[in-house]
Amino acid sequence: MSEQQAPLPARGGLSPRKRQQIGRGAQYAVLIIMVIALVLVADWGSIRQNFLNGDVAGKGLPDLFTVALKNTVIYTICGYILGFVLGLLLALMRLSSVAPYRWIAAGYVEIFRGLPALVIFLMIINLPIAFPGFEVPGDVYGQAALGLGLVSAAYMAETFRAGLQAVPKGQMEAARSLGMPYMRAMISIIIPQAVRIVIPPLTNELVLLFKDSSLVLFLGVTASQVELAKFGNDQASTYASPTPIFVAGVTYLLITIPLGYVARRLEARQGAGR
């Protein structure tokens with residue numbers, strides 16, 4: 001009868017838990033040292049004068065909110081609505097039994113996910129060259145909605161496709177057994193369930209689209225059409241101070257941080273319900 005072997009001692013005489021605690025403590029120490037070094041090296045007087053200049057920041061009010069933020073929200077919402085509708089249509093096409101529909105949808109998703117958003121905006125500006133006399137309705141607002149919508153639709157299509165595939169097939173089978181037409185079953189039963197499933201990633205897409213709205217400046221906006229990034233850059237040039245850019249960045253965070261929190265809460269709630 002063999003004797004039970006005693007466990008080998010941990011390397012260096014330390015248990016794995018102790019080594020983990022020491023490693024975590026070292027990481028915290030390095031982080032604290034880096035923060036202290038940044039605090040000591042930074043020129044706080046220059047930072048306050050250039051980035052936190054209250055006088056310069058005040059000159060951008062109330063246009064920061066009544067013009068720049070308002071336009072940013074309008075561009076984002078319009079692009080999101082277009083992307084939502086087009087993305088859902090593309091998702092249905094990708095799941096269609098008709099092969100050409102699947103090919104078109106797959107090609108669209110691959111192309112518009114592969115192209116930088118800036119390139120798409122520049123192509124929209126030059127649309128009249130390819131289609132003489134064509135103008136996007138709504139001037140800059142229409143062009144912004146089109147650019148943002150085309151970009152977001154490619155990503156939303158994949159999100160919707162995952163949501164549609166996550167709905168149990170028995171839902172459709174039950175609806176058809178009750179005599180419900182296919183399209184009515186999709187609209188009344190399948191799509192609403194799929195949308196509920198993908199609400200968290202759709203919220204994240206809204207955050208990304210809000211930030212991408214800064215690309216509208218390449219469309220050549222007027223003073224009444226500026227969004228946050230353009231507004232901050234113009235103000236910085238006017239007053240020779242980066243404070244307006246810093247203020248515009250903070251304004252972005254006032255929107256994106258709460259939206260990100262909402263998305264995380266929705267994901268947590270959805271995960272707890274599974």
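The questions and answers that follow set values against definitions.

This is a predicted model, in which local features need pLDDT of at least 70, side-chain atom pairs count only at pLDDT 80 or more, and totals for chains, interfaces and linings use all residues. Residues are numbered from 1 along each chain as its sequence is written, and side-chain values use heavy atoms, with hydrogens and water left out.

Q: Why is the pair of Phe-84 and Phe-160 called edge-to-face?
A: Rings of Phe, Tyr and Trp (its six-membered ring) pair if their centres lie within 6.5 Å, and planes under 30 degrees apart count as stacked, over 60 as edge-to-face and the rest as tilted. The centres of Phe-84 and Phe-160 are 5.0 Å apart with 85° between the planes, so the pair is edge-to-face.

Q: What makes this pair a tie between parts apart in sequence?
A: Phe-84 lies in helix H4 and Phe-160 in helix H8 (residues 139-166), so the pair ties together parts that are 76 residues apart in sequence.

Q: Why is Phe-84 called partly exposed, and why is Phe-160 called buried?
A: Buried means under 20% relative accessible area, exposed over 50%, and partly exposed in between (1.4 Å probe, protein chains only). Phe-84 has 25% and is therefore partly exposed, whereas Phe-160 has 1% and is therefore buried.

Q: How do you know that the pair of Phe-210 and Tyr-252 is edge-to-face?
A: The ring centres of Phe-210 and Tyr-252 are 5.6 Å apart and their planes stand at 80°, so this pair too is edge-to-face.

Methods. Helix = DSSP H or I, 4+ residues; strand = E, 2+ residues; numbered from the N terminus.
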